[in-house]
Amino acid sequence: MLDIEPLQLHFPYEHNKAITRAIELINDTDDCFAFRITTLSSLLYLTQPSKNIVPPRSKCSVTITLQALEMAPEQCNYGASQFYVESTRVDESLVAEDVTEDMFDEKPGKVVDKVDLIVVLE
């Protein structure tokens, strides 16, 4: 499926300042892959893009921004932050707008890869 670099994002705390990190989704195959990125974190993140298509032999850069925090993470009970990157093989005629939630449902004969992307709040 897609390679993801890095698998761990470090967000250093800066008072009232948004912090941005990037990941690369790398497709080293001859197939197209759809992906979506989700989180269950109580912190406010902006992921751009949160879904897309990665063509064969190409990369897609994704920016993840942690919105400004008033207090350091250890002073608050934010809980663990984690993202999930799901990907699945799709037809090459699809575009980002065609990516839907049900594409990532496990069905017989369909493979959906789910990778945990760990977030470290420093």
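Is R89 buried, partly exposed or exposed in this structure? With a relative accessible area of 47%, R89 is partly exposed, and the points below set this residue in the context of the whole chain, which is seen here as a predicted model.

1. Overall make-up. The protein holds 0 helices and 9 strands, so that, by the way such elements are defined, its order from the N terminus reads β-β-β-β-β-β-β-β-β. Along the principal axes, the C-alpha trace spans about 45 × 25 × 20 Å, and of the 122 residues in the protein, 36% are buried.

2. Strand pairing around β9. Strand β9, made of residues 112–121, pairs in the parallel sense with strand β2, residues 8–11, over 4 bridges, and within this pairing Q8 stands opposite I118. Strand β8, residues 82–90, is also joined to β9, here by 7 bridges and with the two strands running antiparallel.

3. Salt bridge of R89. A search of the whole structure finds 4 salt bridges, one of which is formed by R89 with D31, where the closest N and O atoms are 2.9 Å apart. This pair links distant parts of the chain, with R89 in strand β8 and D31 in the loop between β3 (19–27) and β4 (32–39), 58 residues apart. D31 has a relative accessible area of 30% and is partly exposed, as is R89 at 47%.

4. Salt bridge of R36. The side chains of R36 and E86 also meet in a salt bridge, at 2.6 Å from N to O. Distant parts of the chain are again linked, since R36 belongs to strand β4 and E86 to strand β8, 50 residues apart. Both R36 and E86 are buried, which means that each has under 20% relative accessible area.

5. Salt bridge of K17. A further salt bridge brings together the side chains of K17 and E14, with 3.4 Å from N to O. K17 is partly exposed, its relative accessible area being 44%, and E14 is likewise partly exposed, at 34%.

6. Negative surface patch. E101, D102, D105 and E106 form a negative surface patch. One of these residues, D102, has its place in the loop between β8 and β9.

7. Cis peptide bonds. E5 and P6 are joined by a cis peptide bond with omega at about -10 degrees, and P6 lies in the loop between β1 (3–5) and β2. A cis peptide bond also joins Q48 and P49, where omega is about -5 degrees, and P49 lies in the loop between β5 (45–48) and β6 (51–54).

8. Positive phi values. N16, a residue other than glycine, has a positive phi near 55 degrees; N16 lies in the loop between β2 and β3 and counts as partly exposed at 44% relative accessibility. R57, also a residue other than glycine, has a positive phi near 55 degrees, and the place of R57 is in the loop between β6 and β7 (58–66). With a relative accessible area of 54%, R57 is exposed, because the cut-off for that class is over 50%.

Definitions and conventions. Residues are numbered from 1 along each chain as its sequence is written. This is a predicted model: local features need pLDDT of at least 70, side-chain atom pairs count only at pLDDT 80 or more; totals for chains, interfaces and linings use all residues. Side-chain values use heavy atoms; hydrogens and water are left out. Two strands pair if DSSP finds at least two bridges between them. Patches are made of residues with over 30% relative accessible area and no salt bridge: like charges are joined within 9 Å, nonpolar side chains (Val, Leu, Ile, Met, Phe, Trp, Tyr) within 5 Å. Accessible areas come from the Shrake-Rupley method with a 1.4 Å probe; for residues, only the protein chains shown count as cover. Lys and Arg count as positive and Asp and Glu as negative; His and the chain ends are not counted. The place of a charge is taken as NZ of Lys, CZ of Arg, CG of Asp or CD of Glu. Buried means under 20% relative accessible area, exposed over 50%, partly exposed in between (1.4 Å probe, protein chains only).
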